[in-house]
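Please open the structure in your viewer and keep the selection tool at hand.

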Amino acid sequence: MSNFGNQLYQSLLLGDYSGDGELIHLITDDEEEDNVKEDNYSDEISILSVRNTVLFPGVVIPITVGRQRSIRLVKKAQKGDKLIGVCAQRNPNQDDPGWQDIYGVGTLAKIIKMIVLPDGNTTIIIQGKKRFKIREEVSDDPYFIAKVDYLEESFPKNNKEIEALEQSLKEAAFKILQLNPEIPREAQVALDNIDSTPFLTHFLSSNINAPVESKQRLLEINDGIERATLLLELMMKDIQMLELKSEIQKKVHTDIDQQQRDYFLRQQMKVLQTELGEEGPEKEVEDLLMRGKKKKWSKEVKSHFEKEVSKILRMNPSAAEYPIALNYAEVMVELPWNEFTTDNFDLKRAKNVLDKDHFGLDKVKERIIEYLAVLKLKNDLKGPILCLYGPPGVGKTSLGKSIAKALGRKYVRMSLGGLHDEAEIRGHRKTYVGAMPGKIIQNMKKVKASNPVFVLDEIDKLSSDFRGDPSSAFLEVLDPEQNSAFSDNYLEIEYDLSKVLFIATANTLETLQPALRDRMEIIEVTGYTLEEKVEIAVRHLIPKQRKEHGLKGKDILFSREAIVKIIEDYTRESGVRNLERLIGKVTRSVAKAIAMEETYQKKITPQTVRKVLGGEVFDKELYQDNSVSGVVTGLAWTSVGGEILFIEASLSKGKGKLTLSGQLGDVMKESAMTALSYLRSKADKLGIDHRVFDHYDLHIHVPAGAVPKDGPSAGITMLTAIASAYTQRKVRAKIAMTGEITLRGKVMPVGGIKEKILAAKRAGITDIILCRKNQKDLEEIDDRYLKGITFHLVEHVQEVLDFALLEELVDDPLPFTFDSHRNTSGDC
């Protein structure tokens with residue numbers, strides 16, 4: 001029975017009881033007012049503190065008195081006028097409360113009956129009379145005595161709001177009675193007989209299921225409308241709780257019935273399947289055992305599998321754990337434990353496969369052939385961890401397929417772009433709902449071989465969040481010394497990955513965790529030259545696009561000049577992905593003409609390319625003009641390959657202010673300030689009047705301002721641009737440069753040399769200035785990449801300026817004129 005039901009029923013039982021055996025009438029507020037006038041209650045009364053109870057006027061409740069102080073108070077009151085003050089304790093656990101431990105507002109009560117129990121405790125039955133507020137604390141020995149002020153209540157007469165509140169309170173009370181069938185029907189009769197709004201609020205306030213603090217708040221409110229409103233709010237909360245409880249009980253009851261029904265149905269199915277000779281749960285387990293006997297398991301794995309199967313046999317098929325255990329056992333038998341494909345050791349064939357599928361990429365091909373050669377001689381080699389690093393579109397991912405074909409191995413690819421949950425690698429514990437193995441184990445199960453070529457695509461795009469760091473999980477996977485005992489959270493036992501040939505691909509190494517990078521052999525896959533792109537288009541891209549668009553060889557023919565035009569005028573990339581896209585666009589124009597039975601030109605010429613693709617997107621002639629001072633071509637490395645970068649420096653009359661623009665990073669800003677400082681220190685040597693630094697503002701800008709730029713490789717380029725602006729000397733035509741500078745004028749080496757050289761060739765550059773320490777990078781680059789470019793290796797910036805700046809002045813130099821008769825303050 002709910003708290004409301006207990007208290008309400010108790011009130012019914014006690015409300016009709018009197019010490020003389022006669023029915024006692026529960027007084028209403030009107031009658032109470034009359035009694036106050038007649039009885040003239042004293043303003044000095046004894047105070048009884050009660051726990052977990054708030055007494056309201058007109059309500060009858062029993063109270064068990066156990067403290068000696070309270071027993072003395074009750075006995076004295078019983079002999080006198082039987083009136084006591086009742087106040088609720090703030091802390092019910094306080095055994096000896098003081099004045100500060102009781103509420104200041106209570107109810108005057110009359111003792112109706114006192115019963116002394118055998119254990120020494122005394123039970124009194126009291127009825128609330130009138131509310132009061134403690135005005136003065138008179139004494140606390142032998143019990144509390146206080147002077148009080150009696151509180152009056154304000155309930156407006158014939159008020160529609162009061163009538164509506166009274167009706168709402170009764171409806172809420174009836175709703176509680178309906179939701180709790182254990183409350184006797186007599187309770188509803190009691191509610192129907194209450195016709196006094198003040199007493200209704202007192203009666204329901206005493207019986208609602210609410211904490212003492214809320215009931216005390218109701219007792220302290222004098223305004224009837226405010227009290228009724230708060231009471232209704234508390235009752236609605238009680239109704240919501242009872243409705244929720246009822247729904248939960250109904251749902252649990254339904255679930256239990258459904259489980260029992262399912263159990264009986266399964267038992268019947270089991271009997272029917274046995275009679276018909278069909279497969280049942282036992283048959284599934286038998287099949288697992290038969291498949292397990294065929295696996296090449298170690299003793300530990302075999303013992304673990306048999307233990308799991310024995311658990312399944314002891315389980316009830318209707319149990320929730322049964323399908324989890326069955327799925328786990330199926331994963332174990334589906335994994336390729338010690339099952340390997342046979343490697344093809346024909347090295348010449350492997351080389352032909354690699355050459356046929358990919359043009360160039362000599363370093364990668366050489367490394368794969370080396371791996372095959374050692375494997376052929378030793379016949380036992382742990383799989384290496386290769387990382388193909390380079391710009392997009394150069395064939396890193398597709399190279400994995402070619403390697404698998406050359407080795408005669410299975411191929412599997414796992415995309416890591418945007419992966420941020422460690423559980424994707426290591427899996428979830430099988431106790432989790434919907435648990436499954438990690439992607440590594442899932443792919444091994446799919447490929448059905450323990451030595452595949454496993455491509456980890458875009459490993460530099462891994463991210464981390466509150467669910468863990470996947471790159472840290474790969475430290476075990478990609479370590480040849482550890483991955484022979486790879487541990488998956490779902491599998492729970494070690495799995496051997498040491499025979500897997502892992503090939504990772506990345507566009508940049510900067511975002512790779514240092515420990516992860518240390519476990520991989522980095523092989524740089526650089527961009528292609530113009531000649532290589534033409535060959536790739538002829539051998540791979542055009543046949544592929546022709547096939548994808550349903551054309552035959554006789555339907556379309558690309559001239560070499562058309563391919564060169566697409567490469568030079570419509571693409572600027574290290575790879576060939578955009579080139580393939582544009583070839584596809586030209587091919588579609590032919591497919592459309594054939595489908596619509598229109599006449600078209602089968603041979604694709606540069607004119608056809610321009611007609612289909614529109615005007616040229618890139619114009620390399622735009623960047624060879626040297627008639628303006630302060631404009632120098634630099635070389636930059638980006639994630640999509642090399643790019644040419646233009647540094648522009650201009651002067652305007654001012655006070656020597658330096659302005660930098662073009663979304664430059666901190667490193668490039670520092671390079672600009674370093675170049676300017678060096679130039680100021682060497683102004684006399686370069687023939688620059690030192691006063692120009694104080695009377696002209698310098699503005700350095702890098703075009704494409706919406707693109708962020710950073711890095712130290714623009715140091716000598718900025719110095720040359722600033723020197724050209726201050727001296728008004730022309731910069732040598734078709735020249736580009738890259739290198740870092742120091743305040744002493746030293747030229748420092750930079751990276752990405754091959755990509756920068758390819759970018760320079762695309763732009764028609766003929767001379768490149770590099771640091772002498774970059775000589776080793778040039779020696780590693782194939783001669784065909786260097787053809788047509790003259791390299792100038794320098795150690796000091798003076799060598800850069802001597803070669804890059806011509807003695808010839810620009811057509812319209814700035815008027816650097818200063819009045820020699822003025823004072824030395826530097827005013828123009």
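Select Cys771: its relative accessibility is 2%, so it counts as buried (under 20% relative accessible area, with exposed over 50% and partly exposed in between; 1.4 Å probe, protein chains only). This is a predicted model, in which local features need pLDDT of at least 70 and side-chain atom pairs count only at pLDDT 80 or more, while totals for chains, interfaces and linings use all residues. Residues are numbered from 1 along each chain as its sequence is written, and side-chain values use heavy atoms, leaving out hydrogens and water.

Next, select Cys387, which is buried because its relative accessibility is 0%. How many disulfides are there, if a disulfide is a pair of cysteine sulfur atoms within 2.5 Å? The count is 0.

Move on to helix H20, residues 560-570. Helices (H or I, at least four residues) and strands (E, at least two) are DSSP runs, numbered from the N terminus. Because 8 of its 11 residues are buried, H20 is largely enclosed by the rest of the structure. Among the buried residues are Ile563, Lys565, Asp569 and Tyr570. To see what they pack against, select helices H19 (530-548), H21 (577-595) and H22 (606-613), together with strands E14 (557-558) and E15 (603-604).

Then display the charges over rings (NZ of Lys or CZ of Arg within 6 Å of the ring centre and within 35 degrees of the ring normal). Arg69 lies over the face of Phe144, 4.6 Å from the ring centre. Select Arg732 as well: its charged end is over the ring of Phe803, at 4.3 Å from the centre.

How values were computed:
Contact means heavy atoms within 4.5 Å. A disulfide is a pair of cysteine sulfur atoms within 2.5 Å.
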